2 protein chains.
Amino acid sequence: MRLTSKGRYAVMALVDLARFDGINPVSLRDISLRQGISLDYLEQIFSKLRKKEIVQSVRGTQGGYILNKKAKEIRLTNIFDAVDEKVKTVQCKKESKKGCNGKSTKCLTHNLWDELETHINNFFDKKSLDDLVKENFERRL
Amino acid sequence: MRLTSKGRYAVMALVDLARFDGINPVSLRDISLRQGISLDYLEQIFSKLRKKEIVQSVRGTQGGYILNKKAKEIRLTNIFDAVDEKVKTVQCKKESKKGCNGKSTKCLTHNLWDELETHINNFFDKKSLDDLVKENFERRL
DNA sequence: ATGATACTTGACTATTTTAGTCGGGTTTAT
DNA sequence: ATAAACCCGACTAAAATAGTCAAGTATCAT
């Protein structure tokens with residue numbers, strides 16, 4: 001299982017943004033340069049973040065993005081959700097009446113994968129953007 | 001992040017095998033039919049499991065595979081490791097002196113991804129094949 | 001012996017996902 | 001006016017995934 005760049009970049013970019021937040025909007029160009037992420041790709045990512053109301057945009061010169069909520073209230077879950085970084089341990093649709101692999105019953109390991117999914121999501125639920133900024137700050141002392 | 005079929009199938013197949021283990025070798029054909037997994041694909045998977053000494057093969061008619069260790073001693077970690085299902089949260093090579101994304105320092109969120117990796121691997125370390133067989137048995141009562 | 005069953009191996013391929021790129025906008029401060 | 005920035009949709013190359021396929025070899029039952 002691997003984390004995709006989109007999810008990773010979204011978090012990196014938001015941590016970067018959060019560190020400067022409250023003063024001026026931060027432009028994607030700056031984030032792109034600091035974090036080494038393609039500007040075009042960042043635009044895609046921030047478009048999603050804006051639609052999910054995690055950030056607000058400021059257009060025009062001197063524009064950029066600012067957080068739309070307190071960093072403490074933004075959790076990894078929210079970020080990943082916004083950019084469609086989902087945790088998927090099974091193929092089978094949840095809604096489907098059928099079991100896994102086209103069988104009529106749930107596969108032998110269905111519960112296991114559900115547990116795993118919960119385990120990972122718990123981690124994402126616990127971490128807020130604020131936590132990340134603070135951890136990062138402490139590391140630098 | 002998604003779990004690949006290879007990893008999922010490996011675990012499903014081993015749980016299936018473990019339930020019949022101790023009596024006779026279990027053929028991949030049977031596992032294929034019961035679990036709805038392509039026989040050819042199972043052969044690839046079991047080839048890896050055998051090389052990592054998780055199963056033993058018995059050739060010829062009435063042949064198949066048997067566990068090479070006690071189910072209690074086989075952990076998800078071992079299984080995933082055998083079939084190259086790795087947990088990868090960062091792109092950057094561990095060995096590389098350089099940081100992430102070609103920068104000279106570690107990325108702002110490097111610690112986070114390391115933590116996540118550990119969190120997931122802990123889950124895999126705790127679960128043994130025996131646990132899975134038992135859980136499955138209890139569900140059926 | 002011989003046929004059937006089952007493991008063994010390696011190469012090949014189609015599909016899907018990922019990770020972007022590209023080209024055109026629109027808005028706004030200076 | 002113009003440059004800096006956001007905005008949007010379509011396109012594409014590369015990688016990973018999920019298999020398939022072909023040609024074996026070993027062993028058992030008869």
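Which residues are buried in helix α6 (residues 129–139) of chain A? The legends below start with that helix.

This is a predicted model, in which local features need pLDDT of at least 70, side-chain atom pairs count only at pLDDT 80 or more, and totals for chains, interfaces and linings use all residues. Residues are numbered from 1 along each chain as its sequence is written, and chains are lettered from A and ligands numbered from 1 in the order in which they are written.

**View 1. Buried residues of α6(A).** Leu129(A), Leu132(A) and Val133(A) are buried (20 or more other C-beta atoms within 10 Å of a residue's own, C-beta atoms being placed from the backbone; exposed means 12 or fewer, partly exposed in between). Because they cover an arc of only 95° around the axis, they lie on the same side of α6(A); the arc is that of the directions from the helix axis to the C-beta atoms. An α-helix has 3.6 residues a turn, so residues three or four places apart point the same way. The buried residues of α6(A) pack against α1 (5–20) of chain A and α5 of chain B. Helices (H or I, at least four residues) and strands (E, at least two) are DSSP runs, numbered from the N terminus.

**View 2. The side of chain B that touches chain A.** In contact with 28 residues of chain A are 28 residues of chain B (C-beta atoms, placed from the backbone, within 7 Å). Two or more residues each come from α1 (5–20), α5 (110–126) and α6 (129–139) of chain B. The largest share, seven residues, belongs to α5(B). By class, this side has 14 nonpolar, nine polar and five charged residues. Ala, Val, Leu, Ile, Met, Phe, Trp, Tyr, Cys and Pro count as nonpolar, Asp, Glu, Lys and Arg as charged, and the others, Gly among them, as polar.

**View 3. The surface near DNA strand D.** At least two residues each are supplied by α2 (28–35), α3 (39–51) and β2 (64–67) of chain A and by α1 and α3 (39–51) of chain B. The surface divides into three nonpolar, 15 polar and seven charged residues.

**View 4. Thr61(B) in its loop.** Thr61(B) is found between β1 (55–58) and β2 (64–67) of chain B. Thr61(B) counts as exposed because it has 5 C-beta neighbours inside 10 Å. From Thr61(B) to Val90(B), 29 residues away in sequence, the C-alpha to C-alpha distance is 46 Å.

How values were computed: Two residues are in contact if their C-beta atoms, placed from the backbone, lie within 7 Å.
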